[in-house]
Amino acid sequence: MADVGELKEFICQKFCEHVGLNAEELFGSNLTLAQVIERSDRMHNSVDLMEAFAKSSNALRKQYAVRVRLPALSLDTPISQVVELFVRECQPGSLA
């Protein structure tokens, strides 16, 4: 199993790829999910955002053989909280 830092970096990279924003844009200002949708050319609504989460979850499963439950979050949730939730879900003993 990868360490927390490696998982966090992987998750951040996958989020950036799937929403079409660079790391500085996405994490530098700790955008809310609503702001991610607003600034991304690929995102039009929360369904697109959930699809990006699903793709990131699938990448984690393929790369690290861990299953992550998709989060149900409000649009005012900062992206840093989403990353932390994904990292927690990857930890041994999670219900994923």
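What covers the buried residues of H5? In this predicted model, the cover of those residues includes H1, H2, H3 and H4. The buried residues themselves are Ile79, Val82, Val83, Leu85, Phe86, Val87, Glu89 and Cys90.

The partner to consider next is helix H4. Two packed helices are described by the angle between their axes and the distance between the axes. Helix H4 comprises residues 46-64 and helix H5 residues 79-90; their axes come within 12 Å and cross at roughly 35°. The handedness of this crossing is right-handed. On the H4 side the contact is made by Phe53, Ser56, Ser57 and Leu60, which meet Val82, Phe86 and Cys90 of H5. Sorted by class, the residues of this contact are 5 nonpolar and 2 polar, with no charged residues.

Two members of this contact can be examined individually. Ser57 lies in helix H4, and because its relative accessible area is 9%, under the 20% limit, Ser57 is classed as buried. Leaving aside residues up to four places away in sequence, Ser57 touches Val68, Leu70 and Phe86. Cys90 belongs to helix H5 and is likewise buried, with a relative accessible area of 3%. In sequence Cys90 and Asp3 are 87 residues apart, yet their C-alpha atoms are 10.0 Å apart in space.

Phe86 also leads from H5 to the aromatic residues. The structure holds 4 aromatic pairs. In one of them, Phe15 and Phe86 are arranged edge-to-face, with 5.1 Å from centre to centre and 85° between the planes. This pair links distant parts of the chain, since Phe15 is in helix H1 (residues 4-19) and Phe86 is in helix H5, 71 residues apart. Are the two partners buried or exposed? Phe15 is buried at a relative accessible area of 3%, and Phe86 counts as buried at 0%. Together with Phe53, these two residues form one aromatic cluster. Phe53 is also one of the H4 residues that meet H5.

The buried residues of H1 are Leu7, Phe10, Ile11, Cys12, Lys14, Phe15, Cys16 and Val19. An α-helix has 3.6 residues a turn, so residues three or four places apart point the same way. The buried residues of H1 pack against helix H2 (23-27), helix H3 (33-39), H4 and H5.

Two loop residues complete the description. Asn30 is placed in the loop between H2 and H3, and its phi is near 50°, a positive value in a residue other than glycine. With a relative accessibility of 33%, Asn30 counts as partly exposed. Ala65 lies in the loop between H4 and H5; although Ala65 is not a glycine, its phi is positive, at about 55°. Ala65 is exposed, because its relative accessible area of 66% is over the 50% limit.

Conventions. Residues are numbered from 1 along each chain as its sequence is written. This is a predicted model: local features need pLDDT of at least 70, side-chain atom pairs count only at pLDDT 80 or more; totals for chains, interfaces and linings use all residues. Side-chain values use heavy atoms; hydrogens and water are left out. Axes are lines fitted to C-alpha atoms, for helices over the stretch in contact, and angles run from 0 to 180 degrees between N-to-C directions. Helices (H or I, at least four residues) and strands (E, at least two) are DSSP runs, numbered from the N terminus. A crossing is left-handed if the near helix is turned anticlockwise from the far one by less than a right angle, and right-handed if clockwise. Contact means heavy atoms within 4.5 Å. Ala, Val, Leu, Ile, Met, Phe, Trp, Tyr, Cys and Pro count as nonpolar, Asp, Glu, Lys and Arg as charged, and the others, Gly among them, as polar. Rings of Phe, Tyr and Trp (its six-membered ring) pair if their centres lie within 6.5 Å; planes under 30 degrees apart count as stacked, over 60 as edge-to-face and the rest as tilted. Buried means under 20% relative accessible area, exposed over 50%, partly exposed in between (1.4 Å probe, protein chains only).
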